[in-house]
Amino acid sequence: MHCGRYHESPLSRRDMLFRCANGFGAVALAALLNDESRGAEISTRQDPLLPKPPHFKAKAKSVIFLFMDGGPSQVDTFDPKPRLDREHGNPIKMKVPATQFNNVGNVLKCPWTFKQRGQSGIPVSDLFPHVAKCVDDLAIIRSMTSNFSEHTAANYFMHTGSGLQGRPSHGSWVSYGLGTECRDLPSFVVLNSGLIPPGGADCFNNGFLPASFQGSVFKAGPSPLANIEPVGAQKSKLDLLRTLDGETVSRVGPNDAIESAIANYELAGRMQAAVPSLVEISNESKATRDLYGLDDEYPQARLYGRQCLLARRLVERGVRFVEVLCPNVGADRWDQHSGLKTGHENNARATDRGVAGLLKDLKARGLLESTLVIWGGEFGRTPMAQGSDGRDHNPFGFTMWMAGGGVKGGTVFGATDDYGYYAVEDKVQVHDLHATMLHLMGMDHKRLTYRYSGRDMRLTDVHGEIIKPILA
Amino acid sequence: MPIKRRLIYICGLLAYLACTCPASAQDAKPDSSALEFFEKSVRPVLVTRCISCHGDEKQKGGLRLDSRAALMSGGESGPAIVPGKPMESRLVDAINYGDLQMPPKSKLPAVEIQSLTKWVEMNAPWPESLGPKTGATTSTGKPWAERKKHWSLQPVADPALPNVKDTAWPHTPIDRFILAGLESSNLKPTHDADRRTWIRRVTFDLTGLPPTIDEIDGFLKDTSSNAQEKVVDHLLASPRYGERWARHWLDLVRYAETSGHEFDYDLPDAWRYRDYVIRAFNADLPYNQFVTEHIAGDLLEKPRCNPVDGSNESILATGFFYLCEGTHSPVDLRDEEAARIDNQLDVFAKTFQGLTLACARCHDHKFDAITTKDYYALSGVLKSSRHHHAILNEDNEIKPRVAALDELKSQVVAAAKPTTPPLKSPAPIAASKDVVVFESFNTPNYQGWNVARSAFGNSPTGTGDYQLSKEPALVPLKPGLAHSGRTSPRLHGSLRSRTFTIEHPFILFLTAGSGGRINVVIDGFEKIRSPIYGGLLVDVNNPQPHWQAIDVTMWIGHEAYIELSDGATIDYSGGNSRYSNGSGDLIVDEIVFAKSPGEPGPVTAFSGPKVPITDPKSRSLAERYRTLESQLPAPIYALAITEGTPENDRVHIRGNPRSLGDVVPRRFVEAIDTSASGSAPISRRDLAQKLVDPANPLTARVMVNRIWKHHFGEGLVRSTDDYGAMGQTPSNPQLLDWLAREFIRSGWSIKHMHKLMVLSHTYALSSAADTEGDKADPANRLLHRMNVRRLEAEAVRDSVLAVSGRLDPTMFGPSIPVHLTPFMDGRGRPGHSGPEDGNGRRTIYQNVRRNFVAPFLLAFDFPTPSSCTGRRNVSNIPAQALTMLNDPFVVAQAKLWAERVSKNSAAPDEQITQLYLTAFGRPPSAKEKEAAIAYIASQTKNDKSAAWADLCHVLFNVKEFIFIP
């Protein structure tokens, strides 16, 4: 049910010395006294973000989650459905469950054209001319399902494996399981491009996990984080602080929590130095600028391209989990309840170059092998119209894709029905996606547990199956 | 499948089984071609597609599909097949991806679906030789009787004080237990902490603030034997005590003032609950009363009154039930209701009983003696209750004035002797199958309605009722109206119907009014708003009687109640959710359930022609009426619970609200309450009684342990919210039980428990590392020394304010809006940012928005307000250092502090001593003083005040500021 690794509260150096020095008797007494030590307590005594070995050899070291807030339409992007063309304008001939707005219109064909792309010949619509060129690196899952028709619950579900507020985010779980190799940046970074998904900060929170695993939301622009100041100006103050802290320690006596808090200021200092250089992009080459679309005529594409470039820099520095949020294109995210054509075109235009640039750049630098890239929204959209020219929410069948880190490129997995409404073949739950992500990161989703509320909690709750056919 | 159809088909199946017993028997022996079809086309499908989850090894959903009998007895959601009737067979529905979708991963190929369907149609032939297999076996884990023997479910013992070797050391009974524990492990308590450390420790523990220099001096000079007790009495009498301990309590009830999710709707007036808790702790409200008020404060015959304004105090406690999150426009209201009740029960059970009851929502608890039936028995109690906007000043301020107004009005009528013939009701609406009259208000009282306060009076209008209008004139009212304006348009109130099942697509109201509102509350869902739910809310703003229709087609089969409100309901709109306007009136004559939205009956006037008042005596009475009416106070609203229609819930099989099992009568958890089964369904009042019953093994233990945890750093039971098998066993069981007994003996006095604990010798021990003890007991479970503790988020911020001199001791009232930085973004972001320093008010008075928790608090482990948190995480993250180093609030407070100290124009080394005494409760060491002086001296380029501000800022960052030895 759970592995021993996450049971014991970690021994501090001092504990270890005491126990060794005192021989078996003390160990036995400690065992007696610690009969409760089932909880995965992360105490203040040890840095919980120190790198930890995975359960087994990992394919990927980092995750970049390109979250398509609002829910892109599967039938307009990666899941072509000729039946929609045939029945365009006619009532849909199947049972339709309650939708979010319950304003069910007629079948609506895809306003774009699908073409077969790459060596694999996988069809991608004209919405994504750049990403289409990378199709041979993608494993496209056409049979995603979610449990919620409403944004916020679906966002929490996609991010935390639960539709309720307040559970740990996937980035927090990954950080908890593996720690981080980057010692001067947070291990879980969210790049805010302008749109915080419904549900807000709790999509990226640590929930019941310790605050060390909180996602840090970086604002776009030159000052991404609050409370980051130039280190130089603080030097004399920090020197004084070190002296005074030393006095505290000698008064109070050796104490792990206090010593760790002192060490924490060193980390904070490194972070203050690292963040400004992370976001400084003026020295990038023309080739890189073109690759990411940093000079695109569409401002949102420039913004998103920059965020994708930062995502690459973050994984390059060893950050464990990066989530990139969507820019504001004026319309409502990917949530086109009306005006599908304009809305989706703007969203695609904003993200297409950046996403493709990121994939190509990671590949060129040999980072794609060790970076798992995941693309998708919280759900998909209905094959029939909402009103005349929009699509409503559809959690019953939608598309996401993965690339890099141990994923078999040029693959299509699963299928929806002829309308593209319900997943009918190889259905994938969000829990399966999480299980697969953890697997590629070298973790068994059933063993990554944290004792809370009398249970060994998991990102995948009591569910989750690895999607083996898309593994390389 | 709709429930109705499901029921019909289950009934049909029972009839079928009755005639064909035994169930496994087939109507007639299947012929060989039928069996061949089974072997060729059906068995392979079952074996390859189904058996791995529904066979010998696993029985998901309690179902197995390896015998005809097993198929027919089915699983948790009922029989899998009805032989001969594919359309009624759950198996066929599932493989066609109907309500159930099986196999879960992929739909079967069409040919296999056809085969299985045909097979059911053929009467499900199955060869006899294979013999029937039994149904599912699902029981797992420890036997029930064993689970009930778990330590925490046993009666609280009454242990004698243990004998100890070192009889000189113990000062109090607590010390005897602690020392006995240490001695049995051959350990000794370490040396005592110095007096400065002790007073700093106890002051933070009891008030969340550092001691002032005067308080420290007073204590150090006091050589009397009860000097410590005097300090403790002083602290417990301080209003700061309640502010500190209320916050610990708010962690348990996931206190927040918004609903979170997409738009983070306000929960207006949630802060009144926070104030209630502060007052309760300060007044040392007996804990049994505190608990009773939480569960049933609305049902007390004699509620307590607010000491200042006399309003209803007890009912405020019930608001905790509704401090939960809430979804904006959930598509499935049954899921939403089930999730809400899950959270309410989770918080209820952990907070008061340390039980993880919510684990039993989908299945019997995996480890503890808690069944799914226990869960749904308590779910029924909540389903029988409703969210309520209580008017706190109803009884003490509004009611007497309404009575006086009504008396005056009857005097006016008696004096004016109006001659108009009273109005009569028209003939009743013709009822039929398609038109059902739900309510005509022709009864002498509001029978079957929950009357929430004065606006609607105690009864519908009767013959000879009048309204007194401004002219002045008497307005004769038609009898049989629910009328919220007959005494005054200024009164607020609501009427809520009994719960009913929606069977007709339309609910029609014959109504009139201005500023009135009608809500249809479905499955307890109140955040009525578009999309989806906008139509369930009607604003009545037409003074002429008219028919108004609400389309409920989408919710046929759901449970609902009708709410007629004049004020007393909320307009949900993100950061601006407010009570609806309660001025004006709402009048309802008829409520009809109908098949179509057309008018089911005639519209007649609700009032007759005005009768002017002319005689001087009546005019002067009317004048007094106007004056008194104008003095009606505004309602004071609060979040509360009220009684709904009593109902027993049904087990939700595997937690699925669409898969219903047995009805469970409302009762308490059987493993605690042996009288639970078989007795009459309990009320919330009964439930409260069961919690505070001295025989309850958990209530007192759980609470004394919570108090202990906050004084000693860890609980005697470290898992403060889980007393089950997955929780931890008490480190000193006799002490825990002794404390629990003592708590009850003291009249459930929390302050008594504080005194016992902080005046113990154990509490006075040093926290310094102690080689011997730490070797043997590194986790310090036996308390051979004190634990070093880090201040909680609130105490860190409050200390900054206290030290800088900015702390404003104002208590209570609406929360200070959260300060919004450019880094706080997202939906539901309030329109206005609060002040950076929160007006200097203590952190407990800062607005808690689920989606916009202050980053300062988050950095220091402020708990996510989602469930009960009795034990916060204590983490060590760079954001803490960055906050203390760079947060503009901290920098500004350092400057204020420096300015304050520089005012007393003492010599620098004197000033530095002052800074140390203020921040750390001790003078600086020589080395510290020297370093500080050197720092000030080195900053010659800056102006001196900046150097002092920097020094103050550094002191905020010294670890001793947030770590309490």
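Helix axes are lines fitted to C-alpha atoms over the stretch in contact, and angles run from 0 to 180 degrees between N-to-C directions. Helices (H or I, at least four residues) and strands (E, at least two) are DSSP runs, numbered from the N terminus. The model is predicted: local features need pLDDT of at least 70, side-chain atom pairs count only at pLDDT 80 or more, and totals for chains, interfaces and linings use all residues. Residues are numbered from 1 along each chain as its sequence is written, while chains are lettered from A and ligands numbered from 1 in the order in which they are written.

**Helix packing in chain B**

- Helix α11 (residues 239-252) of chain B packs on helix α12 (residues 271-282) of chain B at an angle of about 125°, and their axes are 8 Å apart.
- That angle makes α11(B) oblique to α12(B); angles under 35 degrees count as roughly parallel, over 145 as roughly antiparallel, 65 to 115 as roughly perpendicular and the rest as oblique.
- On the α11(B) side the contact includes B:Trp245 and B:Trp249, and on the α12(B) side it includes B:Val277 and B:Phe281; residues are in contact if their C-beta atoms, placed from the backbone, lie within 7 Å.
- This contact of α11(B) with α12(B) has nine nonpolar, two polar and three charged residues (Ala, Val, Leu, Ile, Met, Phe, Trp, Tyr, Cys and Pro count as nonpolar, Asp, Glu, Lys and Arg as charged, and the others, Gly among them, as polar).
- Helix α27 (residues 908-920) of chain B crosses α28(B) at roughly 120°, with the axes coming within 10 Å.
- α27(B) is therefore oblique to α28(B), and the crossing is right-handed.
- B:Pro908, B:Asp909, B:Ile912 and B:Tyr916 of α27(B) meet residues of α28(B), among them B:Ala932 and B:Ile936; the residues of this contact comprise six nonpolar, no polar and three charged.

**Helix packing in chain A**

- In chain A, helix α6 (residues 235-252) and helix α7 (residues 256-279) pack at about 165°, with axes 10 Å apart.
- α6(A) is therefore roughly antiparallel to α7(A), and their crossing is left-handed.
- Among the residues in contact are A:Leu238 and A:Val249 of α6(A), together with A:Ile258 and A:Ile262 of α7(A); five nonpolar, two polar and two charged residues take part.

**Contact between the chains**

- Chain B contributes 80 residues to the contact and chain A contributes 74 residues.
- α22 (771-776), α25 (878-886), α28 (926-938) and α29 (944-957) of chain B each supply at least two residues of the side that touches chain A.
- α25(B) gives the most to that side, with seven residues.
- The side of chain B that touches chain A has 31 nonpolar, 28 polar and 21 charged residues.

**Dimensions and domains**

- Chain A contains 11 helices and 18 strands, and its C-alpha trace spans about 80 × 50 × 40 Å along its principal axes.
- The domain assignment of chain A gives domain 1 (4-33) and domain 2 (62-228 + 289-470), with bounds from an automatic or database domain assignment.
- The C-alpha centres of domain 1 and domain 2 of chain A lie 44 Å apart.
- In chain B, the C-alpha centres of domain 4 and domain 5 lie 65 Å apart; the assignment places domain 4 at 393-635 and domain 5 at 888-964.

Definitions and conventions
A crossing is left-handed if the near helix is turned anticlockwise from the far one by less than a right angle, and right-handed if clockwise. Two residues are in contact if their C-beta atoms, placed from the backbone, lie within 7 Å.
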